[in-house]
Amino acid sequence: MIKPELVAQKFLEEELGLDGFEAYIRVSNGSLRGKEAAVRAYDESGIFILMTYKNSQIVSYEIKDN
């Protein structure tokens with residue numbers, strides 16, 4: 001996992017109390033320093049969480065149900 005994925009995984013578990021989600025980010029060709037990046041997390045039931053990563057933290061999130 002790369003840093004945004006690790007931060008998102010920790011956010012899900014520690015801040016939201018959610019387990020069983022797989023976090024991932026599309027691989028970028030440059031540095032994410034100071035830029036926003038979308039990180040998604042899915043679980044087996046089809047629920048996904050769209051998170052915004054910036055400066056080593058999750059700055060916002062939205063929970064969606066398929």
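Contact here means heavy atoms within 4.5 Å. The notes below concern a predicted model.

1. **Overall layout.** The chain has 1 helix and 4 strands. Read along the sequence, the pattern is α-β-β-β-β. Of the 66 residues in the chain, 30% are buried. Contacts with a separation of 6 or more were also sorted by distance along the sequence. Residues 24 or more positions apart account for 22% of them.

2. Glu5 sits in helix α1, which covers residues 3-15. Leaving aside residues up to four places away in sequence, Glu5 touches Ala23, Tyr24 and Ile25. Its side chain also reaches the backbone nitrogen of Ile25, at 3.0 Å. Is Glu5 buried or exposed? Glu5 counts as buried, because its relative accessibility is 11% and the cut-off for buried is under 20%.

3. Strands of a sheet pair through backbone hydrogen bonds, either parallel or antiparallel. Which applies here, parallel or antiparallel? The pairing is antiparallel, and the 4 strands form an open sheet in the order β1-β2-β3-β4. The edge strands are β1 (22-25) and β4 (57-65), each of which pairs on one side only. From one strand to the next, the twist averages 25°.

4. **β2 against β3.** Strand β2 spans residues 37-42 and strand β3 spans residues 47-54. How many bridges join them? There are 6, and the two strands run antiparallel. One place to look is Val39, whose bridge partner in β3 is Met51.

5. **Aromatic pairs.** A pair of aromatic rings is described by the distance of the centres and the angle of the planes. The whole structure holds 3 aromatic pairs. One of the pairs is Tyr24 with Tyr42: the ring centres are 6.0 Å apart and the planes meet at 15°, so the pair is stacked. Tyr24 lies in strand β1 and Tyr42 in strand β2, 18 residues apart, so the pair links distant parts of the chain. Ring pairs join Tyr24, Tyr42 and Phe48 into a cluster. Tyr24 has a relative accessible area of 37%, which makes it partly exposed. Tyr42 is also partly exposed, at 27%.

6. **The salt bridge.** Side chains of opposite charge can pair when their charged atoms come close. How many salt bridges are counted? The count comes to 1. It is formed by Lys64 and Glu62, with the closest N and O atoms 3.8 Å apart. That distance qualifies because the cut-off is within 4 Å. Lys64 is partly exposed, at 31% relative accessibility. Glu62 is partly exposed too, at 41%.

7. Most residues other than glycine have a negative phi, and most peptide bonds are trans. Where is Asn55 found? Asn55 is in the loop between β3 and β4, and its phi is positive, near 50°. Ser56 is placed in the loop between β3 and β4. Its phi is positive at about 65°, although Ser56 is not a glycine. Asn55 is partly exposed, with a relative accessible area of 49%. Ser56 is partly exposed, with 40%.

How values were computed. Residues numbered from 1 in each chain as written. Predicted model: local features only at pLDDT ≥ 70, side-chain atom pairs only at ≥ 80, totals over all residues. Heavy atoms only, no water. Salt bridge = Lys/Arg side-chain N within 4 Å of Asp/Glu carboxyl O. Buried < 20%, exposed > 50% of the residue type's maximum accessible area, 1.4 Å probe, protein only. Pairing = 2+ DSSP bridges. Axes fitted to C-alpha atoms, helices over the stretch in contact; angles between N-to-C directions. Polar contact = N/O pair within 3.5 Å; in protein donor to acceptor, adjacent residues only side chain to side chain. Phe/Tyr/Trp six-rings, centres within 6.5 Å; stacked < 30°, edge-to-face > 60°.
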